[in-house]
Amino acid sequence: MDFRLTDDQLMIQTAAREFATREIAPSAQRFDESGEFPTANIRKAGELGFMAVEVPEAYGGSGLDPISFCVMLEEIAAADAAHSTIISVNNSLYCNAIVQFGNEAQKQQFVRPIASGAEVGCYGLTEPQSGSDAGNMRTRAVRTANGTHYTVNGKKSWITSGPVARYMLLFATVDPAKGPKGVTAFVVDAREAGYLRGKTEPKLGIRASATCEIEFADYLVPAANRLGAEGQGFQIAMTVLDAGRIGIASQSIGIARAAYGASLHYVRERKAFGSAIGTFQMIQAKIADMKCRIDAARLLTLRAAWNKADCARRGGRNTTEASVAKLFASETAMFCAHQAVQIHGGLGYSKEMPIERYFRDAKITEIYEGTSEIQRLVIARQETGLR
Ligand code: CAA
């Protein structure tokens, strides 16, 4: 087994590290405080090919592999988690989904402008009454009498990039009685009538990644914008999340790494009882535990990314590998951010340092794209074959 990155993977990792250090890290605190969407940085990320890493060049992407996406995203997240959320959703939940399930016309129309970073895409699955129970959605798509369109009514909530996104990959039911088998996927244009944005959510962390509710009020979507067949939407949503969860795992590693890096520096500098605190066994245990968990999380995530590419070649699902990586990495982010606050003491609790931001940002990784409880459910169902 060869653990070395390829030249392409090393190149995007270096480019992302330079961009994150030069452009993102210096503005992360400002964006966290203001909650402003980092439009200019996202455009630049698009110019560098980070908004559509795995999208083929024919549709405006970088044409790289899932591991390239992971190493890029970890670098961005180590500088600022909010930027990495926007970039992850754009790549995995929007662009890659349309590349995988769309027809040629849909890929040209809906992927190309979003791959460049000129505009942003979003993913509309969650509703006010259905988060973990995603199949229980109420947003309804009713085919018009002449068959050319669907009329959509309903509400989607917690939409990452919702306040700014040009297009949404929307999941709506054409027949609520069918449960998940009625769910159908569409690409909808935010500029059309009946697409109503709610207020931007005030959040604990990833504050610069704008989030809002979207209401559909007699919104007319052309039947040509349907992705796949009627009733195929839930399977599309789940397949896309299997891929998206690898992105959140990479984001988690970036946050954990930032918390760990700051801690390593601090334990060498800070003195107590006449010694650097890094000489104390209780601090050493924290450092060792953080290091082990980060390494393990990264290996699990790269395995999931490798397996994703293998499944694309040979068929099969990447469900377990993706959920294992997401669960372990997100809990690693929370663990490391928690330890970092403890190691820094009062300074870790202060807005003068980024440690408290890592702590706030880490929490969401255990919630979105499937909570830790849902990841455990998915893994256990896959392992036991029981439901
Ligand atoms: N890949 C392909 N198909 C899948 C699948 C997968 N990973 N998981 C399920 N399916 C298929 C099943 O095979 C089944 O099809 P058949 O009936 O033909 O066999 C169908 O989908 C229904 O599956 P289940 O019966 O397992 O569905 P369920 O209602 O029990 O729910 C669940 C399964 C795993 C709990 C799912 O609802 C889930 O993942 N919930 C979490 C939702 C989530 O992650 N939301 C995140 C929102 S997006 C977000 O957070 C973005 C952001 O802001 C960053």
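Guide: On a 1 Å grid over the protein atoms alone, a cavity is a set of points where a 1.4 Å probe fits but cannot get out, and a lining residue has an atom within 4 Å of a point. The model is predicted, with local features needing pLDDT of at least 70 and side-chain atom pairs pLDDT 80 or more, while totals for chains, interfaces and linings use all residues. Residues are numbered from 1 along each chain as its sequence is written, and side-chain values use heavy atoms, without hydrogens and water.

Visitor: What makes Cys70 and Leu302 lining residues of the largest cavity?

Guide: Both belong to its lining, together with Val71, Glu74, Ser250, Ile253, Arg298 and Thr301; each therefore has an atom within the stated distance of a cavity point. The volume, taken as the space filled by probe spheres set on grid points joined across faces, edges and corners, is about 50 Å³. By this rule, 3 cavities reach 30 Å³ or more.

Visitor: Which helices and domains supply the lining of the largest cavity?

Guide: Helix H3 (66–79), H7 and H8 each give at least two residues, where a helix is a DSSP run of H or I of at least four residues, numbered from the N terminus. Domain 1 (7–115) and domain 3 (234–384) each contribute at least three, with bounds from an automatic or database domain assignment.

Visitor: What lines the second largest cavity?

Guide: Its lining consists of Glu54, Pro66, Phe69, Cys70, Ser92, Asn96, Ala243, Ile246, Gly247 and Lys308. H3, H4 and H7 are the elements that give two or more residues to this lining. The space amounts to about 40 Å³, and the lining divides into 5 nonpolar, 3 polar and 2 charged residues.

Visitor: What makes the space of about 340 Å³ a pocket?

Guide: A pocket is an open set with protein on both sides within 12 Å along at least five of seven lines, and this space is the second largest pocket. Met1, Phe3, Arg4, Ile67, Leu299 and Trp306 are among its lining residues. Helix H8 (residues 281–314) gives the most, with 4 residues, and the classes are 7 nonpolar, 2 polar and 3 charged.

Visitor: Which residues around the ligand come nearest, and which element supplies the largest share of the shell?

Guide: Ser132, Thr160, Lys181, Arg245 and Glu369 come nearest, out of 25 residues around the ligand; a residue is near if one of its heavy atoms lies within 4 Å. H7 supplies the largest share, 7 residues. By class, the shell has 10 nonpolar, 8 polar and 7 charged residues.

How values were computed: Ala, Val, Leu, Ile, Met, Phe, Trp, Tyr, Cys and Pro count as nonpolar, Asp, Glu, Lys and Arg as charged, and the others, Gly among them, as polar.
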